[in-house]
Amino acid sequence: GSLINPTTLTSYETITGCLIAVNAHGNIDWIIHDVKDSSIQETLLQKGLFDVDVTIVPLQEGQFIMPGFVDTHTHAPQVPNTGTGYQSELLDWLENFTFPMEANFQDVDFAKKVYPSIIKKFIASGTTTCCYYGTLHLESNKVLTDIVHSLAQTLSRPTSVDWRTLTPYLNKLQAHRMDALSPQKCNMDRNCPSYYIEPSSSRSISDTQAFISYVRSLSPGPSNNPGNPLIYPVVTPRFAISCTNELLSSLKTLVHLDTRLHIQTHISENMKEVEYTKELYPDCEHYAGVYDSYGLLRNNTILAHAIWLQEKEIDLVKEREVGLSHCPTSNFNLRSGIAPIGKYLDRGVKIGLGTDVSGGFSASMLVAMRNASIASTVVALQNNPTNAPIEEGKFTNRQLPLATLLYLATKGGAEVCVLDHQIGSLEPGKSFDALIVDVSSISSTSKWPGDVDPALRKISTTTSSLRSSSRAILEGLLEKFVFCGDDRNVFAVFVQGKLIGGTSYA
Ligand code: GUN
Ligand code: FE
């Protein structure tokens, strides 16, 4: 079928007649272009796939394939709170809405009851890698991890299936697998209500160590190890305000001794938060300096929000190769501000998108992309109201183009996450983490690249006229999906080669 694949911050490829070979480990072996239906069997023979257990998944009219979304920042236990408390700003919102909800996860049975549908919600929206925050509770975070892991059953593949009959078969495949960066417990031992706070920094650290061991025991090796659930632990000091100096000092030692450990936290989201942080850490030059002084800024660190960074902080983030998670939906909802993402991109900072549920009201990365577009438009309107031309290749004060939105939601997120296995685009050697998108219900075009125009098709599937018309059609379909699509348009979700969700799966 047709493939839409991010390439750079400003470009993506659209390929028709694409054949993608996924091996038994769920990695992509090869991708070839311009394959006609009639030559598929012949192509497979040429590739040496004779007499081999091969399943072919043909895309239907109105469908295309693309890499799955990478959500670089969200809070699983806050999903029940979506659509609540948006008249409040961050610190009040945490106190009045967020902490009371998260405190419910003290009850492990509550966690067992609500987490499965929460994880399924993220999968249904097309997210194939997700960087979750949990709560401070060790046992409930294990439940969250177990749920992600239990959704990772082994796929039993058919021994021989005629590819023409596969589409109905696709509906019956039984496999669950979620590629999660981290269901991770939060470290928070001060400035939190008495009913939702860790009793001591030492307990926070011992629980964190126990949790890291637990996650790693489930996720033993690299991605081409069959059965690997692809879960990574992430050290998660909630934010500077909620951590004592002792706790941050202990985390410093922990991450120093283990450079594989990912780190995530919040930074510079709300002005009152920034001021309070300065009061609590008077010796640090700025907010980023607090984390830096505790050794928490490095190339596998993810900082969420980063709205109010000073110039020096941007330099530090760049120097430490830290990734930023842009969470525009949440930034609008909680009146936090608008992150100058164009400026950060021009400085060469790694950027991904985050849904930040429940500051953000949707678990869908499509909504994050839309709000990233609107946020960049507001910046552009404020700083360049006459729409004067912007230097080629620059993003400051520019409305982010579709290609950039796609990149941030996939490949950009992958750069921020720094995983052992390769994700973010569909390329040989990478994990087959992919979506089959079906926009037939929201697309007004009746023409389709796989069946563009019978007259053109007869000439040749490689003529330039077909290529350019296919390009325009696929661009239009991607734009429709990004701005008008939702879970109903996510037909199939694959992680590491296995079907785990989408409307065809339900
Ligand atoms: N800062 C500290 N905790 C949180 C949280 O749960 N959500 C958001 N948006 N910001 C935070
Ligand atoms: Fe957050």
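In which loop does Asn 191 lie? In this predicted model, Asn 191 is placed in the loop that runs between strand E8 (179–184) and helix H6 (201–218). Although Asn 191 is not a glycine, its phi is positive, at about 55°. The residue counts as partly exposed, because 18 C-beta neighbours lie inside 10 Å, a number between the limits of 12 or fewer for exposed and 20 or more for buried residues.

Further backbone features of this kind were found elsewhere in the chain. For context, most residues other than glycine have a negative phi, and most peptide bonds are trans. Ser 268, in the loop between strand E10 (262–267) and helix H8 (271–280), has a positive phi near 45°. Ser 268 is buried, since 25 other C-beta atoms lie within 10 Å. A cis peptide bond, with omega near 5°, leads from Val 357 to Ser 358. Ser 358 belongs to the loop between strand E13 (350–353) and helix H13 (365–383).

A positive phi also occurs within a hairpin. Strand E15 (residues 490–495) and strand E16 (residues 498–501) run antiparallel and are joined by three bridges. Val 495 stands opposite Lys 498 in E16. Two residues lie between the strands of this hairpin, and Gln 496 takes a positive phi near 45° there.

The shell consists of His 75, Leu 90, Leu 94, Thr 98, Arg 238, Phe 239, His 266, Glu 269, Ser 330, Asp 356 and Gly 359. By class, these residues comprise three nonpolar, five polar and three charged. Helix H2 (residues 90–103) makes the largest contribution to the shell, with three residues.

Helix H7 (residues 245–257) was considered in terms of its length and its burial. Its 13 residues reach 19 Å from the first C-alpha to the last, close to the 18 Å expected at 1.5 Å a residue. The buried residues of H7 are Leu 247, Leu 248, Ser 250, Leu 251 and Val 255. Viewed down the helix axis, the buried residues of H7 fall within an arc of 160°, so they line one face of the helix. These buried residues pack against H6, strand E9 (234–235) and E10. On the face turned away from the buried side of H7 are the exposed residues Thr 253 and Leu 257.

Methods
Residues numbered from 1 in each chain as written. Chains lettered and ligands numbered in written order. Predicted model: local features only at pLDDT ≥ 70, side-chain atom pairs only at ≥ 80, totals over all residues. Near = placed C-beta within 6 Å. Helix = DSSP H or I, 4+ residues; strand = E, 2+ residues; numbered from the N terminus. Nonpolar A, V, L, I, M, F, W, Y, C, P; charged D, E, K, R; others polar. Pairing = 2+ DSSP bridges. Expected span 1.5 Å × (residues − 1). Arc of directions from axis to C-beta. Contact = placed C-beta atoms within 7 Å.
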